[in-house]
Amino acid sequence: MWYAKTAAEVLNDLDVDPRSGLSSEEAEARLVKHGENKLKDKPKKSPAVLFFLQLKDMLIYVLLGAAAITLAIGEYTDTVIILSVVFLNAVIGVIQEYKAEKAIEALRQMSAPKSLVRRDGEVKEINSGKVVPGDIVVLDAGRYIPADLRLIESVNLQIEESALTGESVPSGKDAEAIFKEGKISAGDQSNMAFMSTLVTYGRGEGVAVGTGMNTEIGKIAKVLEQDRTDPTPLQQKLATLGRILGYIAVTVCMLIFIVSFFQKRDLIEMLLTAISLAVAAIPEGLPAIVAIVLALGVTRMSRIHAIVKKLPAVETLGSVSIICSDKTGTLTQNRMTVQHVYTHQHFENVPADGTATADRKDEKELIKSFVLCCDATFENGEGTGDPTEIALVVLGEKYHMPKRKMEAGHERVAERPFDSDRKLMSTLNREGPEYRVHTKGAIDSLLKTATHALIGGRPVPLTQEIRQGYLAAAEKMSRSALRVLGAACKDTDRILPPEEMESDLTVIGLAGMIDPPRLEVSESIQQAKQAGITPIMITGDHRNTAAAIAMQLGIAATPDQSISGYEIDRFSEAAFSDRIADYRVFARVSPEHKVRIVRAFQSRGHIVSMIGDGVNDAPALKSADIGVAMGITGTDVSKGASDMILTDDNFTTIVRAVEEGRNIYSNIRKAIIFLLACNLGEIVTIFASVVFSWPVPLLPTQILWINLITDTFPAIALGVDPGDKDIMKKPPRNPGEGFFAGGIGFRAILGGTLIGALTLAAFLFGLNEHGYGPGSRDIPAGVMIYAETMAFVVLAVSQLFYSLAMRNTTRSIFRIGLFTNLYLTGAIVLGAVLQFAVIAVPFLSNAFHVHMLSARDWMIVFLLALVPLAVSECIKLLVSSRAGRPV
C-alpha cells in the first residue's frame, strides 16, 4: 500500500533518485521486466468460432434435425428453408456479439499518449506506454496521468478523478500525507494520482508505482476480462422451451412408431408420419421471429434515446426490479451550482435563471468578490476550470455581473494561490485609484484572519455574536449537503505581497453550492416506484451529500438508508446480502463495492440494471443483468461494458426503456404462445389420425408452409402490438415466471386442441361429401387430395383468425379494436391471400398436393376456422364477468 509509506520510503523501495530519475539503461531494463504501460487486450474469438457458438442451443438442434429429416426424404426446398433460418439466426447473433465486448480496447485508448518524465537528470517527453515503475513523472494542469503515482511533490495540485472514483469535484492532493489506518478507497488517497485521471490545477511530481495492468484502471480491466455474461431470462426460457420441444418431438415420434407397429402399418408410411409429426412439433420460424421482434424493439427504443447493443437486453428490461444509478451526471446535472448566498442575517435563494438582481449592497459585494477571486471562465454556456469556481462565475452571470466585465474595471495585479493548508485563495485587484484584496475559502479559515464584517455596506467589528451567525449559517447549509465557501475583502492603497493579503480581512458572506438533481428525475423515480422498481443511488461522493440528494429525489426516506464503502467492507458477503434491502444509498464506494452491491441484489432474486458513466462503473455495468451507459458524458469504457446506451444522459429515459421492455416481452410472449398453439393444432391433427388409424390429413410440406409462411407474419405482427398503457402500474415480472403463467398455457392448449379437432373435422367432411369415410379402403387420390386441401385451409385460416385472440388475455378483440394493430390486420389478409394462391395457382397447387375447392366448401372451411377465435372470446367474456371487469 504505497499511500501508507512516506515519499522517501517509496523512492528507496523503487531505487530511484528524484533529482535525476532513472537512467535510460535502467528504464529499458525495467520496461523488459514489467512490460509496456498498456492494458492487456482480451483474447478475441474469430467470427467462425462465434458463428458455431450460436448453434449451441437445443432449439437449433431440433431445427437441424428437421433439416436432416427433410433432406432424407428428398424435400430439398424445405431443407434449404430450414437451414436458411438457422443461418440467419446465427448471423444475427454473431453481429451483435462482434459489436459488443469493446471495453478493454476503450480502456487502452484512454491512456495518455505523451508524458513528461525525468531521466538521466533531464525532463523528457516520452510515449506513455514507455513509462516504467520508478519513473519520476512531472505533472502540470491539463495533463493526463500516465500511470499510478505516489506523489513526492505537490503545489496546489488538484486532479479530476470522477471517471475513476465518481466524485463530482476535483480532489486536492498532498504529497506529504500518509495513511496508516489500513485499506482506504482511491478517492481518499490524497497522496496518490491514478492512471487516466486529469490534472486540473497546480503542479506536482510523482514516482510511478504501478503501470499497465497493475494500476487501478488495470484492476478494472481484469474484472471486465474475467466477468462472464449470464443468459438473460428470455434466453433461459427459450433454451428451456427448445429442450422441451426437442423432447416432445422425439417422444411423439417414438409413440407413432409404437402405435403404427401394433397397427401393422407400412414402414414408409410410418416414416412419413413421423416426419410430419417432427415438423409439426417444431416452430421453425421461432428463433428468427424472436430476433426480428427484438430488432424492431431496438429500433423503437432508439427513438426514445436508448441504444441497445445486445438484442436480448431489450427483454431483460421488462424484468428489472432494481435500478442502480450513479449520482454525478445521471441523477444530477454534473454542474456545481450556487443555490444560496448569505450575508449577515440574510439568506438569499439563487434563482435558476438569469433574472436575479443584487438589490442589497452586501450581496453585490459578495458576488463581486467571488467573481474576481476566480481563475475559471464561462462564455457561451461553456465553462473552463475548477467546477466550484465555474459555479461562482455563473453566479455572477445570473446577477448581471459577468467576469469579463468585472475584470475590465478591476484588473488583477497580484494573487496568492489556493493552498490546502490555508484553505484560502486571494487576489489583489484595482479598485478605482486604490486596490482591494478579494479572498475566498473555508469560512473557519476566513474567520481566523478576519477582524471585521460587512453589514449594511460598511465594515463593523467582528464580534463573537456575528462570528457565530456566520458559522450557524454555514452549518445550516452543510446539513443540506451544500459545499460552503466564504468571501472576504480588504482595501489597501498599495500592492501587497502575498503574505500580507490575508490579514485584517472583512467577512462579506457565504455561498452554498451543490451539483443539483436533474429536474425531471424526481417524477421518473416516482413512476419507477409505482411500477414496483426500487431506485438505488451508488456514488463515489460523500455520504452526507449523496443522502441529501437521494432524499430530495425520493430515493431515500432517511439518512439511515445510506451506507459508505468503509462500512460495506465490514460485512461478509452473506451478511451484506441479508442487509442489502435496508439501504437505498451507497456512498464513497470503489468499483469493487459497486460489483458487490449489484451481486448482493441479484442474490436476493432481483433483476438489476446499473446506470453509470465512468471507468469506475464499468465492472458493475458488466456484472448487472443490464448495464446502461451515458452516451454524452460516458467514457468509452462504460459504453463498451454496457448493454444499452442513453444518448440523452437522462435517468427518465431508462424508465421509459423499462416500459418499452415490458411491452416487448409481452409481445414476444404473445408471438411464442401463438406459434405453440398453432403447432399443437398440427400435432393433435396428426397424432389423432394415427391413433384412430385414419389417413394422415397433412403432408410435411404443407405443415412447413404453415409454420414458415402463414404463421410467421401474424407472429411478427403480434410482436409489434401497441403497448399496454397500464403496464407501468404493475409490478415487475418474476424472472422465474414461465411463458405459460397466468392461465395462458391452458388457453393455448384449448386453442391448439380446437384447431386440431376442426382440421380433422374438415378432412372428414371432405371425404364424406365424396362418399368415403376415414376407414374406407382404396380412397381415390383425387378425393384424398380434396379432403387434405380442406384440412390444409382450415388449419391455416383458423390460425390466422386465432392470432386476433392472442392480442389480450382478458379484453375482447372488439374492445381493443380490430384495426388498432394494422400490421396484424395486414398479416391476416396477406396470409389468406397466400393460402388462396397456393390452391389457385397451378404449379403451387401441384407442389403442395392441393385442389381448388367449391364455393360452398370455401364457406364451410371459413366458418370452421372462426370457431377457435369465437370460443376464446366467449371465455374472456365469462372470466371478465365473474371478475367484475369490463371485457
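Visitor: Which residues in α28 meet which residues in α31?
Guide: In this predicted model, Gln702, Trp705, Ile706 and Thr710 of α28 meet Phe792, Leu795, Ala796, Gln799 and Leu800 of α31. By class, the residues of this contact are six nonpolar, three polar and no charged.

Visitor: What is the angle between α28 and α31, and how far apart are the axes?
Guide: Helix α28, residues 700–710, packs against α31 at about 20°, and the axes are 11 Å apart.

Visitor: Are those two roughly parallel or roughly antiparallel?
Guide: At an angle of about 20°, α28 and α31 are therefore roughly parallel to each other. Their crossing is right-handed.

Visitor: Turning to α30 and α31, what is the angle there?
Guide: The angle is about 155°, and the axes of α30 (residues 744–768) and α31 (residues 781–805) lie 7 Å apart.

Visitor: Why are α30 and α31 described as roughly antiparallel?
Guide: Angles over 145 degrees count as roughly antiparallel, so with an angle of about 155° α30 and α31 fall into that class. The crossing of α30 and α31 is right-handed.

Visitor: Which residues make the contact?
Guide: From α30, the contact residues include Arg747, Ala748, Gly751, Ile755 and Leu758. From α31, they include Val783, Met784, Ala787, Glu788 and Tyr802. Divided by class, the contact of α30 with α31 has 15 nonpolar, five polar and two charged residues.

Visitor: New topic: how many cavities of 30 Å³ or more does a search of the whole structure find?
Guide: The search finds three cavities of that size. The largest cavity holds about 120 Å³ of space.

Visitor: Which residues lie nearest the centre of the largest cavity?
Guide: Arg747, Tyr802, Ala805, Met806 and Ser872 lie nearest its centre, and the lining of the largest cavity consists of 16 residues. Arg747 and Tyr802 are also among the residues in the contact of α30 with α31.

Visitor: Which helices supply the lining, and which has the largest share?
Guide: At least two residues of the lining come from each of α30, α31 and α35 (855–883). The largest share, six residues, is from α30.

Visitor: And the lining by class?
Guide: The lining of the largest cavity has 10 nonpolar, four polar and two charged residues.

Visitor: Back to packing: how do α29 and α33 cross?
Guide: Helix α29 (residues 712–719) and helix α33 (residues 822–840) cross at roughly 180°, and their axes come within 8 Å. That makes the two helices α29 and α33 roughly antiparallel.

Visitor: Which residues make that contact?
Guide: Phe713, Pro714, Ala717 and Leu718 of α29 are in contact with Tyr823, Leu824, Ala827, Leu830 and Leu834 of α33. By class, the contact of α29 with α33 has nine nonpolar, no polar and no charged residues.

Visitor: Finally, the backbone: what is the phi of Asn156, and where does the residue lie?
Guide: Phi of Asn156 is near 55°, a positive value in a residue other than glycine. Asn156 lies in strand β4, residues 148–160. As background, most residues other than glycine have a negative phi.

Visitor: What is the phi of His305, and where is His305 placed?
Guide: His305 is not a glycine and has a positive phi of about 75°. The position of His305 is in the loop between α11 (286–302) and β8 (306–308).

Methods. Residues numbered from 1 in each chain as written. Predicted model: local features only at pLDDT ≥ 70, side-chain atom pairs only at ≥ 80, totals over all residues. Heavy atoms only, no water. Axes fitted to C-alpha atoms, helices over the stretch in contact; angles between N-to-C directions. Helix = DSSP H or I, 4+ residues; strand = E, 2+ residues; numbered from the N terminus. Parallel < 35°, antiparallel > 145°, perpendicular 65-115°, else oblique. Left-handed = near helix turned anticlockwise from the far one by under 90°. Contact = heavy atoms within 4.5 Å. Nonpolar A, V, L, I, M, F, W, Y, C, P; charged D, E, K, R; others polar. 1 Å grid on protein atoms, 1.4 Å probe; cavity = no way out; pocket = protein on both sides within 12 Å on 5 of 7 lines; lining within 4 Å. Points joined across faces, edges and corners; volume = space filled by probe spheres on them.
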